[in-house]
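Dear colleague,

I am passing on the structure we talked about, and below it you will find my notes on what turned up when I went through it. Please read them with the coordinates open beside you.

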Amino acid sequence: MALESRVVEVEDLGRQVLVHGRRVPVTEMCRKIEAITPADLMRVANRVFGPHAEGKPSLLVMGREDVPDWKAVMRQYGVGRID
């Protein structure tokens, strides 16, 4: 969680208090992360990048060989509005 420095740790604590109204223990955070399912990820991806999303997707790829046809990849997973 990159909490090596006191400044980062205090910033994280402030964010947690602003968002959750309390400090979230690491054990609770890990438990919630482990509870995420592939279906949860697809649901969020569809909400953000799906055909009914308001904006076009932003896509960043390192290396041309990894994703030669990004539009095909987006179609394969059913995410993104490709105009």
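A residue is called exposed here when its relative accessible area is over 50%, buried when that area is under 20%, and partly exposed in between. Please keep in mind that this is a predicted model.

By that cut-off L41, at 55% relative accessibility, counts as exposed. L41 lies in helix α3, which covers residues 38–49, and together with I33 and I36 it makes up a nonpolar patch on the surface, the three having about 300 Å² of accessible area together.

Turning to the charged side chains, a search of the whole structure gives 5 salt bridges, and I describe some of them here. In general, side chains of opposite charge can pair when their charged atoms come close.

One of these salt bridges joins R6 to E9, with 3.5 Å between the closest N and O atoms. Both residues belong to helix α1 (residues 6–20), where, because they are 3 residues apart, about one helical turn separates them. An α-helix has 3.6 residues a turn, so residues three or four places apart point the same way.

Which residues are linked in a network of salt bridges? They are R22, E28 and K32. The side chains of R22 and E28 meet at 2.7 Å, N to O, and E28 also forms a salt bridge with K32, where the closest N and O atoms are 3.1 Å apart. E28 and K32 sit 4 residues apart in helix α2 (residues 26–34), and are therefore separated by about one helical turn. As for accessibility, E28 is buried, with a relative accessible area of 12%, whereas R22 is partly exposed at 39% and K32 is exposed at 52%.

Finally, a word on the geometry of helix α1.

Definitions and conventions: Residues are numbered from 1 along each chain as its sequence is written. This is a predicted model: local features need pLDDT of at least 70, side-chain atom pairs count only at pLDDT 80 or more; totals for chains, interfaces and linings use all residues. Side-chain values use heavy atoms; hydrogens and water are left out. A salt bridge is a side-chain nitrogen of Lys or Arg within 4 Å of a carboxyl oxygen of Asp or Glu. Helices (H or I, at least four residues) and strands (E, at least two) are DSSP runs, numbered from the N terminus. Buried means under 20% relative accessible area, exposed over 50%, partly exposed in between (1.4 Å probe, protein chains only). Patches are made of residues with over 30% relative accessible area and no salt bridge: like charges are joined within 9 Å, nonpolar side chains (Val, Leu, Ile, Met, Phe, Trp, Tyr) within 5 Å. Accessible areas come from the Shrake-Rupley method with a 1.4 Å probe; for residues, only the protein chains shown count as cover.
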